[in-house]
Amino acid sequence: MARGDPFQEAARLLAGRRNAVALTGAGISVESGIPAFRGTHGLWEKFPPMEYATIGAFMRQPEKAWRMLSELLSLCGGASPNAAHAGLVELESRGVLRAVITQNVDGLHQAAGSRRVIEYHGNMKELVCISCWKHFPTRERWKAGEDAPRCECGEVLKPNIVLFGEPIPWIPQERAEEEARTCGVLLVIGTSAQVAPACDIPRIAKEAGAAVVEINPEETMLTGSVTDVYLPGKASEVVGRVLGILPPAGTPEN
Ligand code: NAD
């Protein structure tokens with residue numbers, strides 16, 4: 001772990017190396033009003049994951065799984081990007097950040113204006129039929145408070161997201177690993193790093209020579225091992241503070 005002022009260190013790395021990639025998790029959207037899964041008031045308190053969020057649970061009892069999915073959809077539908085999402089757009093426009101890999105399904109990075117977003121776990125914008133694979137825009141088929149929506153063929157629809165037990169689609173997984181292998185700095189924001197295989201991305205970046213900068217109010221499994229620079233605090237405050245001291249892009253690291 002780096003010594004000295006970690007905020008200055010992070011700003012120097014970002015500006016000096018210029019090709020940063022962000023890996024974001026549920027924590028970046030907490031300040032937009034979408035609770036994370038883990039932690040106090042986390043969604044898991046109300047909806048234990050093994051009962052609601054595995055593909056097996058969905059296939060056995062889709063109506064039950066849809067109680068959790070409906071709540072997540074309502075939360076995502078009412079949310080707007082916060083200052084952390086906007087800060088990543090600013091880093092992109094200053095030529096410092098080149099892509100965002102997100103585990104989130106809320107679409108807030110795109111809503112904020114980020115241009116290169118890899119949605120590792122899919123998104124809530126679309127529903128897909130578990131029988132005939134037809135896709136629908138979510139707003140066409142789902143209304144808050146209704147039962148599990150159905151396809152024209154009569155089968156149940158599932159949001160186009162990755163539930164526990166489902167594989168990561170090939171394209172986002174390949175693209176994310178490629179970004180991790182080739183970035184100079186990986187900015188890890190608001191993830192507990194407990195969900196596989198997304199939790200491997202920081203290690204892939206580190207082994208390929210990137211510096212790992214972690215933003216989280218709490219230490220994670222990465223903090224004492226993979227992380228080079230740990231910035232404690234809420235995403236919006238920390239990203240704002242780093243932006244405030246960011247030297248012009250291209251300034252040497254040391
Ligand atoms: P997680 O719930 O496991 O961990 C959230 C992390 O965010 C914790 O480490 C917590 O300390 C941190 N955090 C809390 N408030 C924060 C803040 N203001 N700023 C920065 N960090 C903060 O989430 P995860 O690691 O992303 O993994 C869980 C899975 O849950 C992911 O697959 C994700 O797709 C899914 N999820 C997504 C959303 C969403 O799309 N917004 C919401 C809930 C869960």
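Visitor: How many bridges join strand S4 to S5?

Guide: Strands of a sheet pair through backbone hydrogen bonds, either parallel or antiparallel. Here, 3 bridges join S4 (residues 122-129) to S5, and the two run antiparallel. Two strands count as paired if DSSP finds at least two bridges between them; strands are DSSP runs (E, at least two residues), numbered from the N terminus. Within this pair, Glu126 sits opposite Pro137 in S5. Keep in mind that this is a predicted model: local features need pLDDT of at least 70, side-chain atom pairs count only at pLDDT 80 or more, and totals for chains, interfaces and linings use all residues. Residues are numbered from 1 along each chain as its sequence is written, and side-chain values use heavy atoms, with hydrogens and water left out.

Visitor: What is the order of the strands in the open sheet?

Guide: The order is S5-S4-S6, 3 strands with antiparallel pairing. Strands S5 (135-137) and S6 (157-161) are the edges, each pairing on one side only.

Visitor: And which stretches make up the domains?

Guide: Domain bounds come from an automatic or database domain assignment. Domain 1 is 1-34 + 81-121 + 168-254, while domain 2 is 36-78 + 123-161. Their centres, taken over C-alpha atoms, are 28 Å apart.

Visitor: How many residues are in contact between domain 1 and domain 2?

Guide: Contact means heavy atoms within 4.5 Å. By that rule, 11 residues of domain 1 are in contact with 11 residues of domain 2.

Technical notes:
Helix = DSSP H or I, 4+ residues; strand = E, 2+ residues; numbered from the N terminus.
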